[in-house]
Amino acid sequence: MNGKQFICNSSIMTDSTLSRSAKWLYVVISYLYSQYGFKTGYFYRTNEQMIEDAGISQMTLKTAKKELIDTGYIKVWHHNTNENTKNIRVCFYSILK
């Protein structure tokens, strides 16, 4: 079985300002972008989905995402949607570098 390849900015690995968690989250975001965002330039996930995708805790997601935003690797914006009378918050992700 062949795995799918995706592009990930290799400079993330040598960026000493980022934690290992932020680097891992960037790899996961790059993978998800290759699956869902290549046509539109962005993709979306709930925090719960991203926690499951990356295999990290909610606090780790929060801090790693902030690191990536603050260093200009990603852009994130939020949208609240109602689905089956439940308010769901979705995060949109775009890779900047």
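Leaving aside neighbours within four places in sequence, with which residues is Tyr-26 in contact? In this predicted model, Tyr-26 touches Cys-8, Asn-9, Ile-12, Leu-68, Tyr-73, Ile-74, Ile-95 and Lys-97 once those neighbours are set aside, where contact means heavy atoms within 4.5 Å. The model is predicted, and local features need pLDDT of at least 70, side-chain atom pairs count only at pLDDT 80 or more, and totals for chains, interfaces and linings use all residues. Residues are numbered from 1 along each chain as its sequence is written, and side-chain values use heavy atoms, with hydrogens and water left out.

Tyr-26 is found in helix α1; helices (H or I, at least four residues) and strands (E, at least two) are DSSP runs numbered from the N terminus. Tyr-26 counts as buried because its relative accessibility is 2%, the term buried denoting under 20% relative accessible area, exposed over 50%, and partly exposed in between (1.4 Å probe, protein chains only).

Ser-30 is buried, with a relative accessible area of 1%.

Arg-45 lies in strand β1, residues 43-45, and is classed as buried because its relative accessibility is 14%. The side chain of Arg-45 makes a polar contact with the side chain of Asp-53 at 2.8 Å; a polar contact is a pair of N or O atoms within 3.5 Å, of which, within protein, one must be able to donate a hydrogen and the other to accept it, and residues adjacent in sequence count only if both atoms are side-chain atoms. Beyond its neighbours within four places in sequence, the contacts of Arg-45 are Leu-32, Tyr-36, Met-50, Asp-53, Val-90, Cys-91 and Tyr-93.
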